[in-house]
Amino acid sequence: MSERNDTPERDELITSNIPVVTHIVRETMGRVPSHVSRDDLTSAGLAALVQASKSYDAERGVPFARYAATRVRGAILDELRGIDWASRSVRRRARDLDATRSQLAGILGRVPSTEEVAKAVGMTLAEIAQNDDDIARAQVLSLQGAQDASLDDILPSHGPTPEQLVEHRERLTYLVEAVAELPERLRIVISDYFLEERPMAEIAAELGVTESRVSQMRAEALVLLRDALNHELDPSLVTQHARPQGSAARRRDAYFAAVASRHAASVRRPVGIVALDETA
């Protein structure tokens with residue numbers, strides 16, 4: 001399809017759909033670390049809006065707002081992929097924290113508390129919570145991607161290939177099922193914190209625990225989700241448990257089995273991907 005010439009009609013498409021960019025940027029800013037620039041995301045979104053107005057073909061039967069939203073989301077995600085979502089020091093600290101948690105788990109035979117980890121690495125509880133928060137939000141954003149984009153919307157753009165879309169949707173399916181199989185309290189933390197975007201203080205009050213305990217539960221749930229997805233999609237990436245014969249390892253294996261069983265049942269049903277907060 002040839003590119004449109006500049007016309008008042010195209011200018012109207014751009015100006016009347018600027019709120020689409022504003023909405024998507026606002027929605028995205030709620031899911032990324034605080035150091036991500038709103039202006040950078042807005043610039044990427046507006047550039048995509050202009051390009052969408054040039055390549056839009058009304059004869060395809062797709063409303064321009066919907067078509068433009070897909071292009072804008074894709075451009076914003078591309079912009080985020082080019083950003084170091086967490087600084088090198090934050091990522092290095094996260095690796096150190098993960099290593100410390102694993103070492104303490106091996107020594108204690110259980111998941112260490114945030115206080116124990118903080119004492120071991122010489123950090124405050126607030127510093128650990130902030131570090132976990134930045135890394136966790138980046139991980140969830142990368143898993144979500146452009147999950148609501150249809151193939152018809154994506155094909156005219158330079159978006160993912162059909163093979164990449166299939167792989168992405170399969171990963172999302174496993175994520176949905178892994179969340180549903182989490183122990184109840186961990187599932188509540190993940191659902192409330194990431195999906196409902198509730199403050200940690202509210203979640204802590206609801207569960208009757210401290211905020212540091214909620215932070216620990218969130219970290220524990222994210223490790224379980226990561227390992228469950230890897231167990232099904234790339235077993236070589238699953239971290240070996242410090243005590244393979246211990247009760248914690250058996251509980252983890254049982255969780256993996258439950259996720260696999262739920263997936264096997266879901267593929268036998270002629271339905272699409274369910275919502276993340278399904279509590280079957």
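Predicted model: local features only at pLDDT ≥ 70, side-chain atom pairs only at ≥ 80, totals over all residues.
Helix 6 spans residues 114–121, and its buried residues include Thr 114, Val 117 and Ala 118. These three cover an arc of only 100° around the axis, which puts them on the same side of helix 6. An α-helix has 3.6 residues a turn, so residues three or four places apart point the same way. Gly 122 follows helix 6 and has a positive phi, near 75°.

Helix 10 runs over residues 184–195, 12 residues in total. From first C-alpha to last, helix 10 reaches 16 Å, close to the 16 Å expected at 1.5 Å a residue. Its buried residues are Leu 186, Arg 187, Val 189, Ile 190, Ser 191, Asp 192, Tyr 193 and Phe 194. Just after helix 10, Glu 197 has a positive phi of about 55°. The ring of Tyr 193 has Arg 218 over its face, 4.9 Å from the ring centre.

**Aromatic pairs**

The model has 4 aromatic pairs. Two of them are listed here.

| Pair | Centre to centre | Angle of planes | Class |
|---|---|---|---|
| Tyr 56 and Tyr 67 | 5.7 Å | 40° | tilted |
| Tyr 255 and Phe 256 | 6.2 Å | 45° | tilted |

The pair of Tyr 56 and Tyr 67 links distant parts of the chain, 11 residues apart. Tyr 56 lies in the loop between helix 3 (38–55) and helix 4 (64–81), while Tyr 67 is in helix 4. Tyr 56 is buried at 12% relative accessible area, and Tyr 67 is buried at 4%. Together with Phe 64, Tyr 56 and Tyr 67 form one aromatic cluster.

In the other listed pair, Tyr 255 is buried with a relative accessible area of 7%, and Phe 256 is buried at 3% relative accessibility.

Key:
Residues numbered from 1 in each chain as written. Heavy atoms only, no water. Buried < 20%, exposed > 50% of the residue type's maximum accessible area, 1.4 Å probe, protein only. Helix = DSSP H or I, 4+ residues; strand = E, 2+ residues; numbered from the N terminus. Arc of directions from axis to C-beta. Expected span 1.5 Å × (residues − 1). Phe/Tyr/Trp six-rings, centres within 6.5 Å; stacked < 30°, edge-to-face > 60°. Lys NZ or Arg CZ within 6 Å of the ring centre and 35° of its normal.
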